[in-house]
Amino acid sequence: MSITHFLTALTAAAALLLPLTPVQATTLNCTGGVVNCGYALDGHVPAEFGGWTDQTAYWSGMSDSVTVDFGAATFVSGLTISLDNNDSYLVEASLDGSHWSTMLTVHDYQGTVWYGMDTFSTVVGHAQYDAGLDFHAGSARYLRVSAFGGDTWNSVGEIGVGVTAVPEPSSGALMLGGLALLAGAARRRCAA
């Protein structure tokens with residue numbers, strides 16, 4: 001296992017112990033067909049059953065998307081997202097803005113409402129937590145939300161992200177060195 005993989009795994013384990021802390025993105029970008037892009041990250045979560053165009057970023061078709069840029073690599077430990085209920089969505093993650101992997105899939109049959117906006121969360125203990133969501137925590141600089149099914153009228157009401165900064169390799173090496181010293185001291189103490 002490389003040091004980078006080890007540090008990512010260590011950061012992931014630490015993230016599970018930390019509370020979910022929302023982070024303000026550096027940049028929010030939407031493709032040309034998205035109306036009211038800024039509503040996707042304005043801090044306001046639309047009410048359940050709310051109108052799909054009421055204070056949301058919305059579009060028609062399957063070719064548009066909403067992208068969050070954190071400005072640096074972060075570990076995404078949880079997501080809470082408000083979406084139009086009868087559509088299927090992908091939340092994809094990327095470190096470079098070119099290579100994407102699926103972080104969350106929400107299908108049109110999931111959720112608790114039968115029309116309008118619906119909030120989904122991967123955070124245990126959140127009122128809208130859904131254990132059936134296909135979520136993969138991981139490192140990302142960018143998150144992209146797009147639709148891939150449903151009635152083709154799509155909407156993102158709010159994107160809430162729990163993140164932990166990914167340590168630089170030098171910081172990780174320093175932390176590993178400190179842990180090694182602590183382990184050595186504990187071993188000597190037990191031997192004495």
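Mentor: Rings of Phe, Tyr and Trp, the six-membered ring in the case of Trp, pair if their centres lie within 6.5 Å. The model discussed here is predicted.

Trainee: How many aromatic pairs does the count come to by this rule?

Mentor: The rule asks for ring centres within 6.5 Å. Applied to this predicted model, the count of aromatic pairs comes to six.

Trainee: Are the rings of Trp52 and Tyr58 stacked or edge-to-face?

Mentor: The ring centres of Trp52 and Tyr58 are 5.4 Å apart, with the planes at 75°. Planes over 60 degrees apart count as edge-to-face. The pair of Trp52 and Tyr58 is therefore edge-to-face.

Trainee: What is the angle between the planes of Trp114 and Tyr115?

Mentor: Trp114 and Tyr115 form an aromatic pair, 6.2 Å centre to centre. The pair is edge-to-face, and the angle between the planes is 65°.

Trainee: Is Trp114 buried or exposed?

Mentor: A residue counts as exposed over 50% relative accessible area. Trp114 has 67%, so Trp114 is exposed. Its partner in the pair, Tyr115, counts as partly exposed at 45%. For Trp114 the answer is exposed.

Trainee: Which residue forms one aromatic cluster with Trp114 and Tyr115?

Mentor: Trp114 and Tyr115 form an edge-to-face pair. The cluster that holds Trp114 and Tyr115 also includes Phe49.

Trainee: Which residue lies over the face of Trp100?

Mentor: A charge sits over a ring if, for Arg, CZ is within 6 Å of the ring centre and within 35 degrees of the ring normal. At 4.0 Å from the ring centre of Trp100, the residue over the face is Arg144.

Trainee: Where is Asn36, and what is its phi near?

Mentor: Asn36 has its place in the loop between β1 (27-30) and β2 (57-60). Most residues other than glycine have a negative phi. Asn36 has a positive value, near 60°.

Trainee: Which loop holds Thr152?

Mentor: Thr152 also has a positive phi, near 70°. Thr152 is partly exposed, with a relative accessible area of 33%. The loop is the one between β8 (138-150) and β9 (153-165).

Trainee: Which cysteines form a disulfide?

Mentor: Two cysteine sulfur atoms within 2.5 Å make a disulfide, and the count comes to one. The sulfur atoms here are 2.1 Å apart, and the link is right-handed with 80° about the S-S bond. The two residues are Cys30 and Cys37.

Trainee: Is Cys37 buried or exposed?

Mentor: Buried means under 20% relative accessible area. Cys30, at 24%, is partly exposed. Cys37 has 19%, so Cys37 is buried.

Note on methods
Residues numbered from 1 in each chain as written. Predicted model: local features only at pLDDT ≥ 70, side-chain atom pairs only at ≥ 80, totals over all residues. Heavy atoms only, no water. Phe/Tyr/Trp six-rings, centres within 6.5 Å; stacked < 30°, edge-to-face > 60°. Buried < 20%, exposed > 50% of the residue type's maximum accessible area, 1.4 Å probe, protein only. Helix = DSSP H or I, 4+ residues; strand = E, 2+ residues; numbered from the N terminus.
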